[in-house]
Amino acid sequence: MSYAYDATRNEHVPEAVAFPQNSGQVAEILKLATAHGFAVTPRGAGSGMSGGALAARQGLVLVMTRFNRIVRIDADNFIGVVQPGVVTGEFQRAVAGQGLFYPPDPSSADFSTLGGNLAECAGGPRAVKYGVTRDYVLGLEVVLPTGEIIKTGVQTVKGVVGYDLTRLIVGSEGTLGVITEMTLRLRAQPQTVETLSAWFVKMTDAARAVAAILQSGIVPRALEYMDKNAISCVKNYLEGGVPENREAMLLIEADGSPGQTAEALEKIEKVLADHGGLDVRVARDPDAAAGLWRARKAISPALYTYGPHKINEDIVVPRSRLPEMVEKIRELGQKTGLTMVSFGHAGDGNIHFNIMLDKNEPAQLLAARQAVDEIFDFTLALGGTISGEHGVGLAKAPYMQKEISDAALGLMQRIKAAFDPAGILNPGKMRL
């Protein structure tokens, strides 16, 4: 059934599905769940990559897609009040129509919902300059597992009254409460946006160029990379094809006033030239730029050309350590014989690391699991984290204690118990 799986391709069949339309209905459902002890799993579009929307302990899936109203856009105060079932891209287009800008931009923006973005604290390409979802959430309406409806946060730029429950709930993966309305911070729409691409003979050269761009003081709007395997599976999207003997591509955006954007592009092109960048091209018009982004966003689904299954991780390392991580991934691919693909948000060190395999082959599955273990250990040794934007959910729960101490996890479990004494809301996620 449609509500039994998500983008992980794993399946957990719930016992029932509900489609509430208002906060009162959500409250009544959660009161019943607390009284009778059945699990409730909140769900948006089901596009998550960590299993956060799967009914791990059966029970009820609470589908929030009927909460699909943009309540208001306040251009004078740069805020938007919106319900969680609104698709992210639709909200972005709505605010752009009023000269405003909502920066968080996950690759799934055309189909993921804002509620899911908040639950996982989604990032995206623009995080290098503008930050992630949590940086744009001012306040929330939330239904607690016991049925109380609370308001958190503010609708103003500043506000420090009480604990910051808003930031606690954002990124809690639906384990503490059900978001039914959000107040989001907006920005003015940049006057100009320019996009350029550059190719490299070696992936490590591309990684060093990324570090050099950022160390030069330039803050691009986006700084993405694709390795040779990622490029190969989307080459038909790339106008002009792929130049010979290239292992990597950078996709870079700059924005601001016309003068600021032109100055940034000039500096970026110089850094690229100094660090092995070849075939550097500025997109000639918005359609050409959109074509480059279509290629970038098509990578994840196109990877299945390499195998029937994939293990998809989203590690983050300090940006200066990116060349070391790129080299580690290359070594792991050689050691295991498995196809490994990396791409992602080089500007903030967030690498989407994919292992392609046939899970029905025990040797491949064992090698892939060992590779994940090794890559997580290496990530943490570099000072990184095992998840930058996909969350923990079910997929990373077995690895959580590599990064989170027993004392910290115990505190999280006590917070969970304070919000959800019966343990009914999205149980099993993040080991909670």
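**Exercise 1. Determine how H6 and H8 pack against each other.**

Solution. The crossing of H6 and H8 is right-handed; the model in which this is seen is a predicted one.

Step 1. Two packed helices are described by the angle between their axes and by the distance separating those axes.

Step 2. For helix H6 (residues 203-215) and helix H8 (residues 258-274), the angle is about 140° and the axes are 9 Å apart.

Step 3. H6 is therefore oblique to H8, since an angle has to be over 145 degrees to count as roughly antiparallel.

Step 4. The residues that meet are Ala209, Ala212 and Ile213 from H6, and Ile268, Val271 and Leu272 from H8.

**Exercise 2. Is Ser342 buried or exposed, and which residues does Ser342 touch?**

Solution. Step 1. Ser342 lies in strand E16, which spans residues 339-345.

Step 1. The relative accessibility of Ser342 is 4%, so Ser342 counts as buried; the cut-off for buried is under 20%.

Step 2. Setting aside residues up to four places away in sequence, Ser342 touches Tyr225, Met226, Asp227, Ala230, Ile329, Ile351 and His352.

Step 3. With Tyr225 there is also a polar contact, side chain to side chain, at 3.0 Å.

**Exercise 3. Is Gly333 buried or exposed, and which residues are in contact with Gly333?**

Solution. Step 1. Gly333 belongs to helix H10.

Step 1. Because its relative accessibility is 16%, Gly333 counts as buried.

Step 2. When neighbours within four places in sequence are left aside, Gly333 is in contact with Leu338 and Met340.

Step 3. Ala7 is 326 residues from Gly333 along the chain, and the C-alpha atoms of the two are separated by 24 Å.

**Exercise 4. Examine the two faces of E3 and identify strands that pair with E3.**

Solution. Step 1. In a regular strand, side chains alternate between the two faces of the sheet.

Step 1. Strand E3 (residues 60-63) has Leu60 and Leu62 on one side, with Val61 and Val63 on the other. All of these are buried, and both faces of E3 are covered.

Step 2. Strand E1 (residues 16-18) pairs with E3 in the parallel sense over 3 bridges, and Ala16 stands opposite Leu60.

Step 3. Strand E2 (residues 40-43) also pairs with E3 in the parallel sense, over 4 bridges. The bridge partner of Val40 in E3 is Leu60.

**Exercise 5. Describe the sheet of E4, E5, E9, E7 and E8, and the helices on it.**

Solution. Step 1. These 5 strands form an open sheet in the order E4-E5-E9-E7-E8, and the pairing is antiparallel.

Step 1. Strand E4 (70-74) and strand E8 (149-153) each have a single partner strand, so one side of each is left without a neighbour in the sheet.

Step 2. The twist from one strand to the next averages 10°.

Step 3. Strand E7 (residues 137-143) pairs with E8 over 5 bridges in the antiparallel sense; Val142 stands opposite Ile150 of E8.

Step 4. Helix H1 (residues 23-36) lies across E7, E8 and strand E9 (178-185), at about 55° to E7.

Step 5. Helix H2 (residues 88-96) packs on the sheet, touching E4, strand E5 (79-82) and E9. The direction of H2 makes about 35° with that of E4.

Notes: Residues numbered from 1 in each chain as written. Predicted model: local features only at pLDDT ≥ 70, side-chain atom pairs only at ≥ 80, totals over all residues. Heavy atoms only, no water. Buried < 20%, exposed > 50% of the residue type's maximum accessible area, 1.4 Å probe, protein only. Polar contact = N/O pair within 3.5 Å; in protein donor to acceptor, adjacent residues only side chain to side chain. Contact = heavy atoms within 4.5 Å. Pairing = 2+ DSSP bridges. Axes fitted to C-alpha atoms, helices over the stretch in contact; angles between N-to-C directions. Parallel < 35°, antiparallel > 145°, perpendicular 65-115°, else oblique. Left-handed = near helix turned anticlockwise from the far one by under 90°.
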